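Subject: Structure handover

Hello,

Please find the structure below. My notes on it follow.

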Amino acid sequence: MDSTKIIEILAYTIPSLITGSVAYFLFDSYFKDQQNTRRWLLQKEAQKDALPLRLQAYERMALYLERINLTKLLIRITPLSQDKNDYENLIMAQIEQEFEHNSTQQIYMSDECWTIIVTAKNATIQMIRAANRSDRVDSADKLREVLLNDLMEKQSPSNAALAYIKNEVGQLW
């Protein structure tokens, strides 16, 4: 083989290799773009279906926070006896029961939002326990009075969590 033949073969081979590689990269980028477009459309469709479920979860947790708001809780749940410990247990059982009923809603919320809701629940329970251990409390009615007076001085934990939920729902739009 002489050098003219090699140059002739290279003259045909190199442009075809360049054309083939350019075509490969163009088709590859086109197919990747199409795949990303399909993925985006599927995600958009799934989000359209998931948004009502997420909003319903936020609504249920907002209702839960309203129901464990101590002011409303103490009005709704009256003492069965004058024993302050029985009343404390009754209130905390109500809070826990409501929480267990709504705990599945966490899959539709951010971890931070769920943590704030759990913190509000635990802070509410701690307020009840602290008030019950107070020397000022000797009966169930006195426990109610002390808790209501404490709420006049500071904000209910459920109000702070409710504000966070409203903020997070506002960011969904």
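In these notes, contact means heavy atoms within 4.5 Å. With that cut-off, Met109 touches Ala57, Tyr58, Met61, Trp114 and Ile117, not counting residues up to four places away in sequence.

This is a predicted model, in which local features need pLDDT of at least 70 and side-chain atom pairs count only at pLDDT 80 or more, while totals for chains, interfaces and linings use all residues. Residues are numbered from 1 along each chain as its sequence is written, and side-chain values use heavy atoms, with hydrogens and water left out.

Overall picture

The protein chain has six helices and zero strands. Helices (H or I, at least four residues) and strands (E, at least two) are DSSP runs, numbered from the N terminus. Read from the N terminus, the order is α-α-α-α-α-α. The chain is more spread out than a compact globule, because its radius of gyration is 32 Å, well over the 16 Å that the globule rule gives for 173 residues. The radius is taken over C-alpha atoms, and the rule is 2.2 Å times the number of residues to the power 0.38. Along the principal axes, the C-alpha atoms fill a box of roughly 110 × 30 × 25 Å.

Of the contacts in the protein chain with a separation of 6 or more, 75% are between residues 24 or more positions apart. Buried residues are 30% of the 173; buried means under 20% relative accessible area, exposed over 50%, and partly exposed in between (1.4 Å probe, protein chains only).

Loop residues

Asn69 sits in the loop between helix H1 (3-67) and helix H2 (70-76). Asn69 also counts as buried, at 7% relative accessibility. Its contacts, leaving aside neighbours within four places in sequence, are Ser156, Ser158 and Asn159.

Helix H4

Thr119 belongs to helix H4 (residues 111-133) and is partly exposed at 47% relative accessibility. Its side chain reaches the backbone oxygen of Thr115 at 2.7 Å. This is a polar contact, meaning a pair of N or O atoms within 3.5 Å; within protein, one must be able to donate a hydrogen and the other to accept it, and residues adjacent in sequence count only if both atoms are side-chain atoms. Thr119 and Asn89 are 30 residues apart along the chain, and their C-alpha atoms are separated by 19 Å.

Lys121 is in helix H4 as well. Is Lys121 buried or exposed? Lys121 counts as buried, at 7% relative accessibility. A polar contact of 3.0 Å joins its side chain to that of Glu96. Not counting residues up to four places away in sequence, Lys121 touches Tyr64, Ile68, Ile95, Glu96 and Phe99.

Helix H6

Leu162 is in helix H6 (residues 157-171) and counts as buried at 10% relative accessibility. Beyond four places in sequence, Leu162 touches Ala62, Leu65 and Glu66. The C-alpha atoms of Leu162 and Lys5 are separated by 82 Å, with the two residues 157 apart along the chain.

Regards
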